[in-house]
Amino acid sequence: MRLLAVVLALIVITVTPAHAEPRVVGGVVVDNPAEVPWMVALTTSSGYQFCGGALVGPDLVATAAHCVYGRAPSSITVVGGKLDLRTDGGSTSVVKQHQVAEGYSTPSRGNDIALLTLVEGMPYETLPIAETTAVYAAGNVGVVYGWGRLSEHDTTKSPLLHKASIPVMADEQCAAAYARYDAKSMFCAGYPEGGIDACIDDSGGPYVVGGRLAGIVSWGIGCARPNAPGVYTRVKTFLT
Ligand code: 4AZ
């Protein structure tokens with residue numbers, strides 16, 4: 001398909017109005033499944049969630065390269081169709097094959113995107129890929145989704161999907177925060193004062209702008225620290 005043909009890596013985000021209770025770091029619980037039909041969790045065969053991803057085709061998941069690099073495809077189970085990972089229902093599939101972006105080595109060197117082909121397709125709406133670089137304009141607000149940590153040092157995991165709205169940061173600001181920033185394969189999203197961010201185990205999850213996959217959670221220094229925005233894979237560079 002068109003996606004497979006062009007491709008080589010992935011990410012995600014989304015936008016939303018604020019709610020009451022903080023989670024991701026500084027986000028809220030997602031309570032409407034219809035908002036995120038394409039959201040998936042990457043788990044071990046025993047059900048431990050370690051990354052997020054997004055369905056970009058019925059049997060195709062976009063995630064971070066670092067989520068799958070060095071792992072046997074058959075050891076990764078993709079879980080779709082649920083917000084609360086403790087519940088039954090939804091769909092699961094083992095990964096048949098993964099394609100890691102060319103040139104990937106570590107997240108801070110860029111190209112942190114991979115496409116997973118599932119053994120069994122999932123009957124959910126897919127997330128369209130960002131079509132223009134306009135989504136990366138500084139100040140655009142995206143929404144990031146994940147089952148990751150609720151704070152940098154909190155190792156207890158929430159089984160509930162969280163989201164946070166976070167603005168795209170200007171390239172110069174990101175480059176000032178991170179010497180390794182590469183504007184071709186990355187972008188930053190965050191607030192100068194910190195407080196709201198993706199964190200560990202949110203990796204691979206989508207950053208969505210205007211209903212399209214614009215970024216994939218990749219790296220950063222800690223979580224929600226001042227002047228240390230989250231770094232996301234610039235999906236448009238890899239998938240079009
Ligand atoms: C991680 O280690 C990680 N604050 C993910 C996202 C961020 C930092 C670290 C961004 O998976």
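How many cavities of 30 Å³ or more does the rule count? The count is 1 cavity. This is a predicted model: local features need pLDDT of at least 70, side-chain atom pairs count only at pLDDT 80 or more, and totals for chains, interfaces and linings use all residues. Residues are numbered from 1 along each chain as its sequence is written, and side-chain values use heavy atoms, with hydrogens and water left out.

**View 1. The largest cavity and its volume.** The largest cavity holds about 30 Å³ of space. A cavity is a set of points, on a 1 Å grid over the protein atoms alone, where a 1.4 Å probe fits but cannot get out. Points are joined across faces, edges and corners; the volume is the space filled by probe spheres set on them.

**View 2. The lining of the largest cavity.** Lining residues have an atom within 4 Å of a point. Among them are Tyr191, Ile196, Asp197, Arg225 and Pro229. Ala189, Gly190, Gly194, Ala224, Ala228 and Gly230 also line the cavity. The lining divides into 6 nonpolar, 3 polar and 2 charged residues; Tyr counts as nonpolar and Gly as polar.

**View 3. The two domains.** Domain 1 spans 2-21 + 37-118, and domain 2 spans 133-238. These bounds come from an automatic or database domain assignment. Their C-alpha centres lie 16 Å apart. The contact (heavy atoms within 4.5 Å) takes 41 residues from domain 1 and 40 residues from domain 2.

**View 4. Interface of domain 1 and domain 2.** The two domains bury about 2,800 Å² between them, 64% of it on carbon and sulfur atoms. Buried area is the accessible area (1.4 Å probe) lost on putting two parts together, summed over both. The count of salt bridges (a side-chain nitrogen of Lys or Arg within 4 Å of a carboxyl oxygen of Asp or Glu) is 0.

Notes:
On a 1 Å grid over the protein atoms alone, a cavity is a set of points where a 1.4 Å probe fits but cannot get out, and a pocket is an open set with protein on both sides within 12 Å along at least five of seven lines; lining residues have an atom within 4 Å of a point.
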